[in-house]
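Hi everyone, thanks for coming. Please have a look at the sequence and the model on the screen, and then I'll walk you through them.

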Amino acid sequence: MDWLPHLWARALPLLAAAGELALSGAEQAGPPSLGFAEACWRALVLGTVQGLTEFLPISSTAHVQVVPMLLGWGDPGVSVIAVIQLGSIAAIVAYFWRDLA
């Protein structure tokens, strides 16, 4: 697991930039752009929702769209949902890496 800090060091700036672009463009009633901490907080919440609902027999994508609406954040946007789903795929590949290799 020595690769994990290196992965986070590369992924966090990209995720924050994607989150700021998608969330600032998608929110009509919210501020024009989010700060780094707010974008990271929202990404953490959405990632947690995605992770907890990914393996349920109902759509995790719907949860990722409904939860921000309930929290008053607006639609997170297609790019945010795509990045979060890529995170799920990366987690599954990392978990099963030895089995796949």
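**A walk through the helices**

So, the protein chain has five helices and zero strands; here helices (H or I, at least four residues) and strands (E, at least two) are DSSP runs, numbered from the N terminus. Please keep in mind that this is a predicted model, where local features need pLDDT of at least 70, side-chain atom pairs count only at pLDDT 80 or more, and totals for chains, interfaces and linings use all residues. Residues are numbered from 1 along each chain as its sequence is written, and side-chain values use heavy atoms, with hydrogens and water left out.

How much of the chain is buried? Of its 101 residues, 23% count as buried, where buried means under 20% relative accessible area, exposed over 50%, and partly exposed in between (1.4 Å probe, protein chains only).

Let's turn to helix 4, residues 78-95.

Which residues of helix 4 are buried? They are Val80, Ile81, Ile84 and Ser88. Seen down the helix axis, these fall within an arc of 100°, so they line one face of helix 4; the arc is that of the directions from the axis to the C-beta atoms. On the face turned away from that buried side, you'll find the exposed residues Val78 and Leu86.

Now for the largest nonpolar core, which has six residues: Leu46, Val49, Val64, Val80, Ile81 and Ile84. A nonpolar core is a set of buried Ala, Val, Leu, Ile, Met, Phe, Trp, Tyr and Cys residues joined through side-chain atoms within 4.5 Å. Helix 2 and helix 4 each supply at least two residues of this core, and the largest share, three residues, comes from helix 4.

Helix 2 (residues 36-53) also holds Thr53, which counts as buried because its relative accessibility is 10%. Leaving aside neighbours within four places in sequence, Thr53 is in contact (heavy atoms within 4.5 Å) with Ile58, Ser60 and His63.

Last stop: the structure holds one aromatic pair. The rings of Tyr95 and Phe96 have their centres 4.8 Å apart and their planes at 85°, so the pair is edge-to-face. Rings of Phe, Tyr and Trp (its six-membered ring) pair if their centres lie within 6.5 Å; planes under 30 degrees apart count as stacked, over 60 as edge-to-face and the rest as tilted. Tyr95 counts as exposed at 66% relative accessibility, and Phe96 as partly exposed at 38%.

How values were computed: The expected span of a helix is 1.5 Å times one less than its number of residues.
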